[in-house]
Amino acid sequence: MNSNQQNIIVSSLAKEVHEGLTAFPKYLSSKFFYDKKGDALFQKIMALPEYYLTNAEHTILTRHSTDIINSFSKNPEGFDLIELGAGDGKKTKVLLKELLKSNKEFTYHPIDISENAVEGLVNSLHKELPNLQVQGQIGEYFEVLDRLQSLSSRKKIIMVLGSNIGNLKHPRAIEFLKRLNNCMNDDDLLFMGFDQKKNPQMVLDAYNDKTGVTAAFNKNILTRINKELNGNFNLDAFNHWETYDPESGTAKSYLVSTKKQTVSIDELELQVHFKAWESIHTEISQKYDDEIVSWLASESGLQIKESFSDEQMLYKNYIFSKK
């Protein structure tokens with residue numbers, strides 16, 4: 001990462017931390033969970049037995065890989081497979097191997113805000129799939145999508161695995177999907193995962209494991225503020241707390257101050273006052289059903305072409321086209 005990219009990320013963190021911690025109620029963006037430590041913690045989360053999402057989507061991609069890639073393109077000129085929030089690519093590799101086996105002409109563009117994640121993925125792909133054409137991209141989604149649009153006129157398959165859209169409330173999800181729609185040409189496709197509504201206890205367990213890995217992941221945002229903005233958060237003075245509303249399908253994560261305290265963030269010249277049991281909202285994880293997904297698509301100028309699910313219907317991956 002060059003110094004300009006580093007400065008942009010640091011300034012983005014500073015701006016949003018200041019906004020969130022001076023608001024009422026307080027909030028912080030879940031995108032700042034991710035740095036080298038946060039990436040490692042999330043890898044541990046995905047391996048937890050309670051965290052059903054990874055295995056469910058992996059099962060879908062394994063079981064339906066042939067049908068999925070056949071839906072992507074039959075054009076001999078090939079396409080660009082652009083993945084937003086690629087992470088370690090464990091699930092994506094299932095599709096990449098199938099695509100290589102089918103001799104389809106394509107270039108894989110993994111996009112992530114985390115330099116560590118992109119470099120790790122590209123290096124592992126060079127070793128595991130040496131014939132793969134891969135061009136890693138570091139940055140915010142739409143900035144990179146705009147850049148890629150100007151570089152290639154080929155068909156695009158935009159892929160978002162891991163139910164990343166679940167981190168957005170419905171109005172912002174519609175805005176996000178509209179922006180993706182605006183980046184798509186008429187024959188482009190969007191392939192996206194949506195976690196489905198299910199037993200509420202199963203949802204709560206997925207985001208509040210007994211080993212405390214999820215709690216450490218949630219608190220990593222405070223660690224980043226301490227390290228990158230010279231804050232003095234005492235992580236032991238905050239509890240991880242998870243809620244789930246089965247009516248709306250919204251799971252929410254919080255950090256709750258266990259006492260009255262004041263936190264200094266020197267880089268922001270800011271003192272943040274907390275009452276005992278005051279919360280910082282850090283993340284939502286939205287759950288869906290077919291009706292909600294269809295409504296979101298319709299509001300965004302998209303339509304569902306196909307969907308694929310695991311046997312337990314815990315999770316679904318949808319293929320969308322422009323209306």
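The legends below describe close-up views of a predicted model.

**View 1. The open sheet contains four strands in the order 1-11-8-7.** The pairing within this sheet is mixed. Strand 1 (26–27) and strand 7 stand at the edges with a single partner strand each, so one side of each has no neighbour in the sheet. Strand 1 pairs with strand 11 in the parallel sense over two bridges, and Tyr-27 stands opposite His-281 in strand 11. Strand 8 and strand 11 are antiparallel and share seven bridges; here Val-256 stands opposite Ser-279 of strand 11. Strand 7 and strand 8 (residues 250–257) are also paired in the antiparallel sense, over eight bridges, and Tyr-244 has Ala-251 in strand 8 as its bridge partner. Strand 11 (residues 279–286) is mostly covered, with seven of its eight residues buried.

**View 2. Strand 12 and strand 13 form a hairpin.** Strand 12 (residues 302–309) pairs with strand 13 (residues 315–322) in the antiparallel sense over seven bridges. The bridge partner of Phe-308 is Asn-317 in strand 13. Five residues lie between the two strands, and Met-313 in the turn has a positive phi of about 60 degrees.

View 3. The 14 residues of helix 6 (residues 115–128) should span 20 Å at 1.5 Å a residue, and the end C-alpha atoms are 20 Å apart, which agrees. Its buried residues are Ala-117, Val-118, Leu-121, Val-122, Ser-124 and Leu-125.

**View 4. Glu-128 of helix 6 is shown with Lys-97.** Glu-128 has a relative accessibility of 42% and therefore counts as partly exposed. Glu-128 and Lys-97 are separated by 31 residues in sequence and by 9.6 Å in space, C-alpha to C-alpha.

**View 5. Two of the aromatic pairs in the structure are edge-to-face pairs of phenylalanines.** The structure holds 18 aromatic pairs. One of them joins Phe-72 and Phe-79, with 6.3 Å centre to centre and 75 degrees between the planes. Phe-72 and Phe-79 are both buried. The rings of Phe-233 and Phe-274 have centres 6.2 Å apart and planes at 65 degrees; the angle is over 60 degrees, so this pair is edge-to-face. The pair links distant parts of the chain, 41 residues apart: Phe-233 is in the loop between helix 10 (213–228) and strand 7 (238–245), and Phe-274 is in strand 10 (residues 270–274). Phe-233 and Phe-274 are both buried.

**View 6. Charged ends sit over the rings of Phe-274 and Phe-142.** The charged end of Lys-26 lies over the ring of Phe-274, 5.0 Å from the ring centre. Arg-179 has its charged end over the ring of Phe-142, 3.9 Å from the ring centre.

**View 7. Phenylalanine and tyrosine residues form an aromatic cluster.** The members of this one cluster are Phe-33, Tyr-34, Phe-42, Tyr-51, Tyr-207 and Phe-217.

Definitions and conventions:
Residues numbered from 1 in each chain as written. Predicted model: local features only at pLDDT ≥ 70, side-chain atom pairs only at ≥ 80, totals over all residues. Heavy atoms only, no water. Phe/Tyr/Trp six-rings, centres within 6.5 Å; stacked < 30°, edge-to-face > 60°. Buried < 20%, exposed > 50% of the residue type's maximum accessible area, 1.4 Å probe, protein only. Lys NZ or Arg CZ within 6 Å of the ring centre and 35° of its normal. Expected span 1.5 Å × (residues − 1). Pairing = 2+ DSSP bridges.
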